[in-house]
Amino acid sequence: MRRSVSRITSHVSKSWHHHLPLQLATMIVLIASFVVVSGVITMSYNLNRVLTLWGESMQVSVYFNENSTEQNISYVKKFLDENQKVEKPKYVTKEAALSVFKEQMASYAPDLLSDKDLVKFIPSSFQFGLKKHINPEEQLETMQTLAASLKVMGGVEDVSYGQEWVKSYSTLTRVLSWGGEFFIVIIAISAAFVMANSIHSSIAQRRGEIEVLELVGATANYIRIPFVCEGALMGGVASSLALALSYGVFSSLKNYLHNQIAFLQLSSQIQFIGMDILLAVIIFGVIAGALSSWICVRHINDGWAAIQSKK
Amino acid sequence: MIHFSHVYKTYSGSVHALKNVDLNIDKGEFVFITGPSGAGKTTLFKMLSAYDRPSSGSVNVAGFDLGRISAEEVSIFRRRIGVIFQDFKLLKDQTIFENVALPLLVRGDRPNQVSRRVADILEHVGLSNKANQRPEFISGGEQQRTAIARALIHQPGVLIADEPTGNLDPNLSEEIMDLLERVCAQGTTVFVATHDLEMVKRRKKRTIKINNGIIVGDSK
Ligand SMILES: Nc1ncnc2c1ncn2[C@@H]1O[C@H](COP(=O)(O)OP(=O)(O)OP(=O)(O)O)[C@@H](O)[C@H]1O
Ligand SMILES: [Mg+2]
């Protein structure tokens with residue numbers, strides 16, 4: 001075990017010794033890629049958070065018409081209670097709605113308050129939100145289907161959920177999450193290419209060593225493992241450094257937001273990516289590094305490297 | 001131990017380096033192979049050590065069919081033999097100690113065991129004081145002795161030596177040949193290519209002559 005660790009350490013240190021500029025360039029590109037990736041993740045993570053917070057405050061109102069009966073109301077109530085996506089449906093009587101209305105209007109139009117007919121125009125309603133587990137992309141569709149079912153029920157006058165606003169909010173989250181994923185894939189692919197290039201040069205530099213190792217009886221894996229470890233290490237170090245860097249940038253940005261536009265209270269709502277995603281990014285770095293070097297070294301030796309290089 | 005049957009080796013550009021070579025060598029034999037430069041000695045050794053494959057015919061060494069050997073088997077086979085390459089094939093950026101240790105390291109021996117064996121064999125070939133040098137900083141003869149030490153360290157069943165005394169002075173040559181004879185006496189089949197006909201005469205061992213890729217004489 002100690003032996004293989006020292007073999008890998010010397011392998012890596014040799015790579016850095018012989019190809020310092022290339023190794024540095026590779027490392028910088030990898031770190032930059034991971035910074036971008038973690039930036040995108042942080043952004044979409046926070047957008048999702050903010051949007052979810054907004055989404056939670058979205059209310060659906062089911063207004064009853066004047067002819068609605070007790071039966072109509074209890075039918076709707078039963079439907080809402082049994083629906084898995086509906087959060088805390090609340091029945092608001094005409095009177096309750098009126099008093100809320102009066103409260104809100106008191107300072108604007110005191111005359112209205114004395115109008116006895118007012119209660120006729122204010123409908124009773126059910127108000128409810130959506131369960132938290134429904135993610136932002138699904139909210140619009142859920143609301144649309146719910147509204148469609150509710151609208152045709154007896155006694156229901158109208159269903160309102162701020163249709164236009166919900167629509168654009170839903171599109172925004174969808175575009176952001178698709179865009180983010182697409183971006184991450186592009187970055188990951190180019191990072192893999194840069195990495196592969198560096199491993200390739202590491203292999204070329206060791207051509208002679210690989211031949212000799214084979215000739216004294218080293219197995220294919222004995223020869224390949226240091227390269228794979230080198231890739232894994234590179235991916236792990238690059239992703240860790242990138243996350244540290246991103247955290248630094250994030251913190252100063254958050255500070256800036258806090259000082260400059262405190263009234264939006266954004267700084268209290270945005271957060272750096274959570275520990276689980278942080279770990280996932282590092283593990284992804286390690287695996288991607290190991291994988292791309294494995295792809296490079298898969299065919300470097302099949303037992304006859306010495307004779308193949310002469311052909 | 002070693003069986004060649006109708007072995008041909010043709011390099012690109014239709015260079016026929018070996019032509020219809022038949023050869024049988026028993027376990028524990030000591031054999032010299034002589035012939036002018038370009039005769040095919042190194043090519044014969046390449047067939048013998050699974051460095052390269054024959055163009056046709058069969059090469060069988062220690063029970064391995066080297067024309068058809070698989071990638072997994074070839075590393076097992078190479079651990080059973082020791083080869084002193086004509087150009088040494090030492091690793092430039094590793095010390096003499098590390099170079100000599102390679103055959104033990106690749107088969108996973110324990111570090112303290114490796115250290116002991118390496119120290120032992122370096123003592124044997126008179127290189128104890130060069131253990132931490134790199135090959136480029138020692139003399140040709142010292143490099144040759146490093147190659148010999150690496151070929152012997154894992155006590156192979158077959159030792160193949162391509163010009164093992166080419167860079168050594170007469171005294172050292174005799175010492176190395178004595179060493180190879182001792183190795184042979186312990187049961188290793190030893191196969192030595194050399195230009196040094198005087199030495200071949202003195203040693204009175206089986207001698208195979210090769211010329212133009214054809215075996216033209218066998219003292220057995
Ligand atoms: N890889 C190769 N490609 C083409 N021709 C080769 C190759 N290796 C050897 N040869 C040719 O095969 C012939 C035999 O070469 P070989 O190296 O076996 O000779 P040798 O007996 O070892 O000579 P020396 O005593 O000089 O070492 C030579 O004509 C050589 O030029
Ligand atoms: Mg030769």
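Two strands are taken to pair if DSSP finds at least two bridges between them, and helices (H or I, at least four residues) and strands (E, at least two) are DSSP runs numbered from the N terminus. The model is predicted, so that local features need pLDDT of at least 70 and side-chain atom pairs count only at pLDDT 80 or more, whereas totals for chains, interfaces and linings use all residues. Residues are numbered from 1 along each chain as its sequence is written, chains are lettered from A and ligands numbered from 1 in the order in which they are written, and side-chain values use heavy atoms, with hydrogens and water left out.

In chain B, six strands make up an open sheet of mixed pairing, in the order 6-7-8-3-9-10. Strand 6 (81–84) and strand 10 (214–218) of chain B are its edge strands, each pairing on one side only. Direction ignored, neighbouring strands of this sheet are turned by 20° against each other on average; here and below, axes are lines fitted to C-alpha atoms, for helices over the stretch in contact, and angles run from 0 to 180 degrees between N-to-C directions. Strand 3 (residues 30–34) of chain B runs parallel to strand 8 (residues 189–193) of chain B, to which four bridges join it, and B:Phe32 stands opposite B:Val192 in strand 8 of chain B. Strand 3 of chain B is also joined by four bridges to strand 9 of chain B, again in parallel, with B:Ile33 opposite B:Ile208 in strand 9 of chain B. Strand 9 and strand 10 of chain B, by contrast, pair in the antiparallel sense over four bridges, and in this pairing B:Ile210 stands opposite B:Ile215 of strand 10. These two strands of chain B form a hairpin with two residues between them, and B:Asn212 in the turn has a positive phi of about 55°.

Helix 6 (residues 170–185) of chain B lies across strand 3, strand 7 and strand 8 of chain B, and runs at about 135° to strand 3 of chain B.

Chain A contains an open sheet of four strands in the order 2-3-1-4, with antiparallel pairing. Strand 2 (86–92) and strand 4 (156–160) of chain A stand at the edges with a single partner strand each, so one side of each is left without a neighbour in the sheet. From one strand to the next, the twist averages 15°. Strand 1 (residues 60–64) and strand 4 of chain A run antiparallel and are joined by four bridges, A:Ser61 standing opposite A:Ser160 in strand 4 of chain A.

Elsewhere in chain A, helix 8 and helix 9 (residues 220–260) pack at an angle of about 145°, with their axes 10 Å apart. In this contact, A:Ile210, A:Leu213 and A:Glu214 of helix 8 meet A:Tyr222, A:Ile223 and A:Phe227 of helix 9.

The contact between the two chains takes 20 residues from chain A and 22 residues from chain B. The chains bury about 2,000 Å² between them, 64% of it on carbon and sulfur atoms, where buried area is the accessible area (1.4 Å probe) that two parts lose on being put together, summed over both. One salt bridge is counted between chain A and chain B, a salt bridge being a side-chain nitrogen of Lys or Arg within 4 Å of a carboxyl oxygen of Asp or Glu. This salt bridge links A:Lys14 with B:Asp93, the closest N and O atoms being 4.0 Å apart. On the side of chain A that touches chain B, helix 1 (2–18), helix 8 (207–215) and helix 12 (305–308) of chain A each supply at least two residues, and the largest share, six residues, comes from helix 8 of chain A.

How values were computed: Contact = heavy atoms within 4.5 Å.
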